[in-house]
Amino acid sequence: MKKLLSGNEAFALGAYHAGVMVASAYPGTPSTEILESIARFDDIYAEWSTNEKVAMELGLGAAYAGVRALVSMKQVGLNVASDPFMAASITGINGGLVVIVADDPGAHSTQNEQDTRHYAKLAKVPMLEPSDSQEAYDLMAIVFEISEEFDTPVLVRSSTRISHSKSVVEVNRSRAATTKQASFRHDVEKYVMLPVHARLRRPLIEERLVKLTAYAETFAYNQIIKGERHLGVVSSGVAYQYAREVFPEASFLKLGMTYPLPQNLLHQFAAQVDRVIVVEELDPFLQESMLAMGIKVSGKEFIPRIGELNPGIVEEAGYRAGLLAAPLRKKADLPQGLPGRPPVLCAGCPHAGIFFVLNTMGQRSKLLDARGKSEKEGKLIITGDIGCYTLATYPPLRAMDTTACMGAGIGQALGMEKAGVGSKVVAVIGDSTFLHSGITGVVDAVYNQAQVTIIILDNGTTAMTGHQDHPGTGISARGKKTKAVELERLVRGIGVEDVKVVDAFDMKALRAAVRSSIDNPELSVVIVRGACSVRLRKRSGPRAVDMDKCDDCETCLKLGCPAIQKLDEQVYIDVTMCAGDACTVCEQLCPKKAIGPLTAIGAEESR
Amino acid sequence: MKKRDLLMVGVGGQGIVLASDILGEVALAAGYDVKKTDTLGMAQRGGSVLSHVRIADKVWSPLIKEGDVDVLVAFEKLEAARWSYYLHAGGVAIVNNQSTPPLSVSLGTHRYPGDKEIEGTLRQRADRIYFVDGTDKAKELGDIRTLNMIMLGCVSFLLPIDADIWKDCISQRLSRKILKMNMAAFDKGREEMSSANLR
């Protein structure tokens, strides 16, 4: 049966058919839908783990117990999970353990563009790369066998364009009928990595790599596609699709396994063609390996190492490398001077009010020039974190000074305070991010008597990745009710004495809570609670601007709410976007009381 | 049918991803190879959204090369202008008559382009431009969210694929409760195209 599946859906279906029993993940674009899709199958245990490290440990435990396990994450998630991942390499597994990591060339939704292939080399484990959804599905049938045969975790590298592209998949399998029952076999030399045992396992890892290299030589997805002799292209992943489109006549060596590499096959291919190039996304991983093998090859001399590739970029590279004749048709001029449309906080976002308060209290509008740089030190330093709220960096809210990685804002705030900055330091972190990796920062703050304020933005979901549940919501990945971890009890339990919980849509309360917390010389935590507006089921009472009262002061516009728009010198509220009664923040802010329910003001006066 | 590369553009929240998903499923059901991919950036709502849909006997890259787009389907006017350079010379544009000012326009740091500028930009590449009142028609149908099915109806007018296949695929993706209204929206889109303000 033919289906149109995204790479992530294909991974999930393929893994399900391969008899996976346990799947774990923490949401992260572009990997999120793997776990979401697999959680829809009944006879499988699937969970959102607290973070990628726990997800990896869970997968490892399941694999030790003899069943097949799938762990998925985005590329920076593997940084968080790298400790257990490296351990998995040395202990090996029992049931198959497969780790899908989705890279993000172009940094569409990530703080960096790290190339996960280096992790395969670091951990000495095999790395496979599908080039479309069909291969994502097909490879899942093989990777668990590789894992079990070679006693190793297997890395599968996806990318934004594999995970988030839909292509046709011939679904030709069904779930493996006999799945193993979990049972753990006591074996301390394999599973207890005391140094003495680790030293015993170490030679086995090198032997494993030699065997895997031999396997790669005849691996069916390392494939030579014969074309003309003048050009041979080595490629993998989605880059192969671009290269195939741009160089339709060329010969190809398409690599489904990019670590370890099939040395003989690469030499054989190089001997068959006049010139060898590598088309690969991000680092010259294949190219450097081939050069080290003594194969004359080029690639990154004309293929960019920064950003996502596309057929246009590969074609341009082909011109520069003299592989293609210059184009006949002229490219269109890029439209000039159009206003951009960067992502924004949604209408009715529970984060808008608190950032408005931080902006005004910190007098930040005065602080920053248009490029977000300033010589001055602010009245408040705001260390930020990863989530929708990172968008509050931009005008008009301009209320974030740092964002590094998940959970970093709290530690950064402590560092600034201990370094002795003159301003009060406030760390802002979302609920899911806090549970992911903010808790240990609070423990440090209590223990080392920090004087910062930590603001936890609790919108009751992992919003940016598409509304996944987390330990704070008490709903499982399968949508079942479980036990919720209560944030206020958690921080009080750690030892924070000044803990306030405040309504995200009550501007007076927000201002009072933030004021009293930053005035407190001791450590304080403010939990700002309000539901994500995208999850509002019923919207009622959209607001409108009463034109008779509005004096065009633009205070409401400083919230950055996309429903509040100004076109042709008139401020108005888009009723189709406004969250209405659930929000009312603009109404509370308006100095002229010109904003109210549309029903009270009437459409005539409002526009 | 020779290859068709379609680019659907608009603002996050307009239902572009669902519309392009259905378009892909229609192409598959009609026997073509198809690939589709979305560029969403970070936000749930409000940002610029872009869906590439490629239909042919065999498709390699999921991303369409700049200058190769046959049909640009714009749910919003500024986005139509922004992505017009993806069209090949002599391409077709379907443009929903709606202006959603981005924040920078509301804050007064940037200017929303006038209708003439938008049309002029499109005209550099497009031979045919269909302006449709999709947002107004969606409101008339009783739900702004039917805009994506109206736009899909417009697209169907330009592709040689039987209307029954379209309706089949739509009914597989939408819940029963909202199906009737969305089918009406799809028909409305087809109707709009036959009477569209073609320039």
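Predicted model: local features only at pLDDT ≥ 70, side-chain atom pairs only at ≥ 80, totals over all residues.
1. Local features are given for pLDDT of at least 70 and side-chain atom pairs only at pLDDT 80 or more, while totals for chains, interfaces and linings use all residues. Residues are numbered from 1 along each chain as its sequence is written, and chains are lettered from A in the order in which they are written.

2. Chain A holds 24 helices and 22 strands, taken as DSSP runs (helices H or I, at least four residues; strands E, at least two) and numbered from the N terminus. Its radius of gyration is 27 Å, close to the 25 Å from the globule rule for 607 residues, so chain A is as compact as a globular protein of that length. The radius is taken over C-alpha atoms, and the rule is 2.2 Å times the number of residues to the power 0.38.

3. The C-alpha trace of chain A spans about 80 × 70 × 50 Å along its principal axes. Of its 607 residues, 53% count as buried (20 or more other C-beta atoms within 10 Å of the residue's own, with C-beta atoms placed from the backbone).

4. Between the chains, 45 residues of chain A are in contact with 45 residues of chain B (C-beta atoms, placed from the backbone, within 7 Å). Elements of chain A that each supply at least two residues to this side include β1 (2-6), β8 (165-170) and α11 (237-246).

5. β8(A) pairs with strand β2 (residues 33-39) of chain B in the antiparallel sense, over three bridges; pairing requires at least two DSSP bridges. In β2(B), K36(B) stands opposite K166(A).

Notes
Buried ≥ 20, exposed ≤ 12 C-beta atoms within 10 Å, placed from the backbone. Contact = placed C-beta atoms within 7 Å.
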